[in-house]
Amino acid sequence: MNPDLRRERAAASFNPELLTHILDGSAENTRRRREIENLILQDPDFQHEDLNFLTRSQRYEVAVRKSANMVKKMREFGIADPDEIMWFKKLHLVNFVEPVSLNYSMFIPTLLNQGTTAQQEKWLHSSKGLQIIGTYAQTEMGHGTHLRGLETTATYDPETQEFILNTPTVTSIKWWPGGLGKTSNHAIVLAQLITRGKCYGLHAFIVPIREIGTHKPLPGITVGDIGPKFGYDEMDNGYLKMDSYRIPRENMLMKYAQVKPDGTYVKPVSNKLTYGTMVFVRSFLVGEAARSLSKACTIAIRYSAVRHQSEIKPGESEPQILDFQTQQYKLFPLLATAYAFQFVGAYIKETYLRINEGIGQGDLSELPELHALTAGLKAFTTWTSSAAIEACRMACGGHGYSHCSGLPNIYVTFTPACTFEGENTVMMLQTARFLLKSYDQVHSGKLVCGMVSYLNDLPSQRIQPQQVAVWPTVVDINSPDSLTEAYKLRAARLVAIAAKNLQTEVVHRKSKEVAWNLTSVDLVRASEAHCHYVVVKLFTEKLLKIQDKSVQAVLRNLCLLYSLYGISQNAGDFLQGSIMTESQITQVNQRIKELLTAIRPEAVALVDAFDFQDVTLGSVLGRYDGNVYENLFEWAKKSPLNKTEVHESYYKHLKPLQSKL
Amino acid sequence: MGSPVHRVSMGDTWSRQVHPDIESERYKQSFDVERLTNILDGGAQNTALRRKVGCSTTASLPHRALSGNLAFSLHNIFLKALRSLGSEEQIAKWVPLCHRFQIIATYAQTELGHGTYLPGLETEATYDAATQEFVVHSPTMTATKWWPGDLGQSATHALVQAQLICSGARQGMHAFIVPIRSLQDHSPLPGITVGNIGPKMDLNHIDNGFLRLDHVRVPRENMLSRFAQVLPDGTYIKLGTAQSNYLSMVVMRVEMLSDVICTLQKACVIAIRYSVIRRQSRLRPSEPEAKILDHQTQQQKLLPQLATAYAFHFLARSLLEFFHRSHDAILDRDFSLLPELHALGAGTKAMVSDFCTHGAELCRRACGGHGYSKLSGLPSLVTKVTASCTFEGENTVLYLQVARFLVKSYQQAQASSGPTSQRSLPQSVAYLTAPYLAKCPAQRAADFLHPELYTKAWAHVAARLTKDSVHHIQILMRSGADEHEAWNRTTVIHLQAAKAHCYYVAVKSFTEALEKLESEPAVQQALKRLCDLYALHGILTNAGDFLHDGFLSGAQIDMARTAYLDLLLLVRKDAILLTDAFDFTDQSLNSALGCYDGNVYERLFHWAQESPSNTQGNPAYEKYIRPLLQSWKSKL
């Protein structure tokens, strides 16, 4: 092991293994996760060449091969629990991109959520075993997050008892669904339902797209790959065009809404239920934000402990770059963010499972808040993590730009989370809608509960921008609870300002939609502040549940750093709202520097606690043993360009160029 | 008004018809787009010249036309370094060889274990007086030269930066011309191990390489000797200052700016054009879905980027003028302007690469899912421009170099206080001694549209942060820390000060450029809005710094915000014209989303169908998918 890393690990004040258990949920979870990971690591069927040296087509092929193996192995190993499936996939696919993934993440869950028992009996068995490979086709070329704008139609024909599917324009071509281009033979298609001449909005239909046996597109179907992308080389994101394509009536998912054989439409009891899948996927993305950022931090911090550069004092040997204050200032707030998001991800998952049970028993009361919260937190965490992963990459200097660092792949694989499953700005505005609804509710005398209950304490007269010292609290910058209060005040203030500005615009503009648009920058700010508050609050609450004193101490420092850094970055909000004074901001900046120094000796152990295998990181810079440079050289030598000492282009182009003159 | 904007269609059927949603944006022209293009080019002749791709005189023009996808860019950097550091005889010998491509050269500075910090480089060049040769050697694994472009497979010669050792003494970094491949068969020469460093985030057309030297001998004449010489007997003679070796880096940082800024400009063109074609959600129930550019949140994302792209254009131009003035003086060994030039070059490079990278990525994400497709052209802009944050000096290190210059200038002004002090400071930092202004005088939102007001606000913040950082160092030193320790423990605030200073310089150069456009009132007005937007966007995103010492009050921040939101609406009206004025051809944008005619969706569908994944078969089906689908059946 690299001596620098050995020294770092010896100097940490806590046992990273205990922290790993906390992150996994329990020691038993950690044990089982590692067991599954080792099954794959020791399995020759999952070995393959470094993806960085392959073309897109080769990468797709490797991914399909691994997916096929995975199906067999999961049967073989008896892995069925959703968490365990995820551990399994995470490791064998490194960055969780696989052409058949939508079969499991969207096709099957939608079938379960929206299909009748008969439909589930018909499709579920064969899709679980990949006899049919399904995907989920919602987004169109011209329409994304705004669902009502989708153009694909499903018109019911009572004579044949069929739906006729059409993508009538270029903009209505289904575009983006993963696995749609080349892999899937079925898709759940979202289309505007038209029966008896009337449009009833979006409904889901199971559509066969490729012939079983030959895999050729069926007549009336045009399907293909949408071409090269930023990342996701392994994924055949696809397009789908349908020309008067007929499917039987039974292919409409009819657990809630129904079309009777004669064309009568029966509407669903509650439309809230369709939120379920979206909430599930978005809560999963919050966890992904945490995992991707944790990987990036692991790589950047280990490398920063190995890399030496410049001098702090003349004549002394070059220090580890992690000893530079600027490097700590770049990385440690991101490390704190990674931990914060880990805990937020765990919280949302638990809440989802809890509320989901309630839904099973017909209790929908908590769903709107959860929906609003996951929308905002999805946006907040994916935006933050995207920027943070890039910051980690750049903190590795030039080598971060090389694929050997693994960081470009982590970034391009993660960043679409900012736009898919609901574009982030739209998500923020959905949360804002909920916040303003709650705000109005408080104003009409009703109390609100849950994460927005702080709005209850908000006497409207307090929201005067100029008023000084109206807040009852004095912020103690060493107390996570007190900092949570400060974030709460900031959120309350920005929600109130957005509400007032909206009110003013409504009076001027008459149209609510126009007023909403002209306040949307304020509304997004309010949502961001709300989400930021939720993250600080959840991190702070998590501290109380940590038993081990030494682990608690180091997490407390991270929690303080996360909270104080956010204040420093948004100082304007805290100053303008008179939540903090100028001298307090100066103290905050000072305290941040002290925390950097306090976290410095724990940094390597803190990333070790994420417990990523080297294979999962896919990074020469982030290797556990820290032997970076030797392996960098070895890795480069394997690059396809180095197969010959003199490249063929020399004979084709350079030699003629040189000899002509 | 004016002649139609120059463009080259993609030669497909859609180009004949312009999409009505983009045509309507061009219908009302509040200024003459062609005039603005001429202004950006520095004259109508330059515009004409640039449009005759391939026969222009400036090297950067064809480069722009070909989207930068060219090899041998390092060849030019080699030439630049040669001209900066070489003696007249050396220039006479090597330049023609390069021009005739008898040799292909690269510039090898960075090592596997060492980057921006030059004294840390390990490669050695030891003078052997007996043979009058230098022995160039990589003593360790970390000394391996790593990253130089064209080095792996193409270059025949490298300009190697190495520690000079002569007569037993180490003399620091010097540059040596080292032949690395045979001019007969291109094979690596004895003692040379050379190859490609492997796939990268992008720029895979550039053959970045590694180079290990095992006691390779080169003649004494191969050391570049404008500023230092080794005599045949090994005597070392220094002709420049310690910094003169850095001149070639300044040259490169200045030269790279236009490429970097171009990236942000292109990203803006693509994202803004797409945003008038893409419709999403209704703003009024009775109307069709709105253009996404009419959403305030979309304006807030894109228009400040457009303003930044313009601000950087004028910043780069004024830096270039300063550079030409000082460069000639420096080559004549007058080094008085070098510190300021070095600081301006470093700061501008850091700020421009930083903001262009973030801006391009923001533009990419503002295009929603389609921004993730390579067919949008945006991913490759992002992955190319982001490299500029770490090459030619890592940005944090560069900002800290600016900070050192600020601290030095400030201390120098303190030491010689009096009426002459302001004159003695270099021009770009003269504000450090300007009369202290405790409070901003703005009383209403409209006051924030005065260039003088916001320029002063930026000067105030930059000066305040510089003073604070000096103050912090002093406190630490009084409590016993030595100078270097004190510096490292205050770098976070130095960084802030340097960034504020750079922003100030950009605002100031933009306002100065506006002053020169008195004779073009329409163009001037359109640009002034961008300048206002640029300055206010910066103030609002850094509101804490302006509120901190009470320079701006909370009420004034609200005024600035009002002014800012109003500007978004005004700039929105000119947005397409302002992007057209950059005058990129469709070819150079290479984007299905950003074409001049606005036929986004047809092109996207067509390009996707032509993608190799659709024109070539799917071997994975036969190999893996079919067996998988059928394995189940056979069991049943």
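Helices (H or I, at least four residues) and strands (E, at least two) are taken here as DSSP runs, numbered from the N terminus. The structure is a predicted model, in which local features need pLDDT of at least 70 and side-chain atom pairs count only at pLDDT 80 or more, while totals for chains, interfaces and linings use all residues. Residues are numbered from 1 along each chain as its sequence is written, chains are lettered from A and ligands numbered from 1 in the order in which they are written, and side-chain values use heavy atoms, with hydrogens and water left out.

In chain B, the unreviewed UniProt entry lists "domain: Acyl-CoA oxidase C-alpha1" at residues 246–407; UniProt positions are given in the numbering used here, with feature names shortened, and such annotations may be inferred rather than shown by experiment. Over residues 246–407 of chain B, the chain is 72% helix and 0% strand, with its end C-alpha atoms 20 Å apart. A further feature of the unreviewed entry, "domain: Acyl-CoA oxidase C-terminal", is placed by UniProt at residues 451–630 of chain B, where the chain is 79% helix and 0% strand and the end C-alpha atoms lie 72 Å apart.

When residues up to four places away in sequence are not counted, B:H501 touches B:V402, B:L406, B:S428, B:V429, B:Y431 and B:A462, a contact being defined by heavy atoms within 4.5 Å.

Chain A contains 22 helices and 11 strands. Its radius of gyration is 27 Å, close to the 26 Å that the globule rule gives for 661 residues, so chain A is as compact as a globular protein of that length; the radius is taken over C-alpha atoms, and the rule is 2.2 Å times the number of residues to the power 0.38. Along its principal axes, the C-alpha trace of chain A spans about 90 × 80 × 65 Å. Of the 661 residues of chain A, 62% count as buried, and among contacts between residues at least 6 apart in sequence, 72% join residues at least 24 apart.

Within chain A, A:E357 belongs to helix α9 (residues 325–360) and, at 58% relative accessibility, counts as exposed. From A:E357 to A:Y239 the separation is 118 residues in sequence and 36 Å in space, C-alpha to C-alpha.

Note on methods: Buried means under 20% relative accessible area, exposed over 50%, partly exposed in between (1.4 Å probe, protein chains only).
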